[in-house]
Amino acid sequence: MTPLSRRELLLGASAFAIGGCAADDRFAAVDADEPRGGIGGTGIVGVVTDFGSLIVNGKRVKLDWRTQIRDAFGSLSEGDLAIGQGLTIEAATEDGRLVARRVVVSDPLIGEVTSVDEAARAVTVNGVRAVLEPGAGALPARGDRVKVSGLWRGDIVSASRIAPTGSGDAVVSGVARRDAENRVRIGDALIRPSILTFTPPVGAFVTARGRMENGAFAAREVVVGRFTGAAGPLQNLSVEGYLAPLPVAPFYELTGLGHSFDAEARLAALADGRALFEGRYTGAFAVETGLPLPDAAPERAAILGAALRGEIAPERLISTR
């Protein structure tokens with residue numbers, strides 16, 4: 001069964017989300033001596049595990065009348081948010097609490113299911129393979145039009161939620177790269193810009209809207225960037241994800257992020273699986289700690305719930321400095 005959206009939960013109760021974004025002043029680093037939680041924004045990239053405010057990455061993020069909520073197609077309401085969705089959040093700190101200024105449902109894939117691998121619990125959407133996490137619901141059928149939520153793991157998506165959606169544009173959202181033939185791809189999706197758009201910049205986080213044509217994604221709209229400065233200059237990052245190897249220091253990147261680690265990061269101990277990475281943003285992600293996480297959604301939610309309550313044993317955290 002597909003996980004219920006918050007709107008469905010609320011209605012039921014009443015009846016019974018190597019390279020960085022292009023540098024600019026919005027991402028100016030704050031002074032290193034400024035205390036954490038001061039002026040400046042916290043960028044959060046992760047999966048919704050619960051409500052009672054918004055629970056992502058073991059953090060409680062308050063929503064208020066100033067919070068902008070949207071996806072690739074436009075504005076949403078709080079009731080459209082759902083457990084299992086991948087979010088990009090820009091939050092400010094007010095009275096010691098995180099308050100969201102901007103919440104984006106950053107679905108990696110929206111489009112038609114063109115193949116289903118029941119044995120591997122995987123589907124293909126927009127030329128990209130998405131593997132449904134253990135405990136994350138049922139597979140859709142071939143021909144269904146769906147939104148795939150989750151995180152990039154190399155060139156595939158680790159799907160925390162696959163939900164039906166209506167007709168309209170397809171979407172691919174992730175970090176642009178060039179393949180061996182110098183073509184631009186997001187994951188395994190070959191991106192073909194239209195005459196009205198532009199070639200996505202390599203290394204940046206990109207959201208492309210369009211449709212599949214002859215095995216390529218014909219992009220009629222391309223939006224670059226993950227964070228906009230909605231909560232002030234980016235000061236801290238909390239990102240759930242998977243590492244991929246690089247040939248230069250720090251020798252790993254976070255797939256799908258669009259911001260690079262600083263060269264001093266020590267990440268080898270976290271290279272083999274999913275983890276929650278946290279630290280300062282200084283023009284690069286100056287990651288300080290990693291918390292290893294399981295792939296299975298229920299077990300991961302339990303660990304992040306313990307983090308929310310301050311019950312994570314210190315030995316579970318891995319220092320990356």
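Colleague: Let us begin with strand 6 (residues 86–94). How many of its residues are buried?

Modeller: A residue counts as buried when its relative accessible area is under 20%. In this predicted model, 7 of the 9 residues of strand 6 are buried, so the strand is largely enclosed by the rest of the structure.

Colleague: Which strand is joined to strand 6 by 6 bridges?

Modeller: For a strand, one looks for its partners and for the direction in which they run. Strand 1 is joined to strand 6 by 6 bridges, and the two run antiparallel. Within strand 6, Ile89 is the residue opposite Ile44. Strand 6 also runs antiparallel to strand 7 (residues 97–105), with 8 bridges between them. There, Glu94 has Arg97 of strand 7 opposite.

Colleague: In the hairpin of strand 6 and strand 7, which residue takes a positive phi?

Modeller: That residue is Asp95, with a phi near 55 degrees; the hairpin has 2 residues between its strands.

Colleague: Where else is there a hairpin with 2 residues between the strands?

Modeller: Strand 16 and strand 17 form such a hairpin, and in it Asn214 has a positive phi near 55 degrees. These strands, residues 205–213 and residues 216–224, pair in the antiparallel sense over 8 bridges. One of the facing pairs consists of Arg209 and its bridge partner Glu221 in strand 17. Strand 16 pairs with strand 13 as well, antiparallel and over 6 bridges; here Val175 is opposite Phe205 of strand 16.

Colleague: Strand 13 contains Ser173. Is Ser173 buried or exposed?

Modeller: One compares the relative accessibility with the cut-off of 20% for buried residues. Ser173 has 4% relative accessibility and therefore counts as buried. Its side chain makes a polar contact of 3.1 Å with the side chain of Thr207. Setting aside residues up to four places away in sequence, Ser173 touches several others, including Asp107, Trp152, Ile186 and Phe205.

Colleague: What joins the side chains of Glu278 and Ser238?

Modeller: Again, one reads the pair and the distance together. Glu278, which is in strand 20, has a side-chain polar contact of 2.7 Å with Ser238. Beyond its neighbours within four places in sequence, the contacts of Glu278 include Asn57, Lys59, Phe285 and Val287.

Colleague: Which residues of helix 2 are buried?

Modeller: For a helix, one asks about its span and then about its covered side chains. Helix 2 (residues 297–308) has 12 residues and reaches 16 Å from first C-alpha to last, close to the 16 Å expected. Its buried residues are Ala297, Arg300, Ile303, Leu304, Gly305 and Ala306. Among the elements that cover them are strand 1, strand 12 and strand 20. Just after helix 2, Gly310 has a positive phi of about 75 degrees.

Colleague: Which residues have the most contacts inside the largest nonpolar core?

Modeller: They are Leu109 and Val148, in a core of 26 residues. A second, separate core has 18 residues, including Leu234 and Leu267.

Colleague: Which element has the lowest mean pLDDT?

Modeller: The pLDDT expresses the predictor's confidence in each residue. Helix 1 (residues 6–15) has the lowest mean among the elements, 38, while strand 9 (residues 122–125) has the highest, 98. Over residues 1–38 the pLDDT is below 50. For the protein, the mean is 87, and 88% of the residues reach 70 or more.

Definitions and conventions:
Residues are numbered from 1 along each chain as its sequence is written. This is a predicted model: local features need pLDDT of at least 70, side-chain atom pairs count only at pLDDT 80 or more; totals for chains, interfaces and linings use all residues. Side-chain values use heavy atoms; hydrogens and water are left out. Helices (H or I, at least four residues) and strands (E, at least two) are DSSP runs, numbered from the N terminus. The expected span of a helix is 1.5 Å times one less than its number of residues. Buried means under 20% relative accessible area, exposed over 50%, partly exposed in between (1.4 Å probe, protein chains only). Contact means heavy atoms within 4.5 Å. A polar contact is a pair of N or O atoms within 3.5 Å; within protein, one must be able to donate a hydrogen and the other to accept it, and residues adjacent in sequence count only if both atoms are side-chain atoms. A nonpolar core is a set of buried Ala, Val, Leu, Ile, Met, Phe, Trp, Tyr and Cys residues joined through side-chain atoms within 4.5 Å. pLDDT is the predictor's confidence in each residue, from 0 to 100. Two strands pair if DSSP finds at least two bridges between them.
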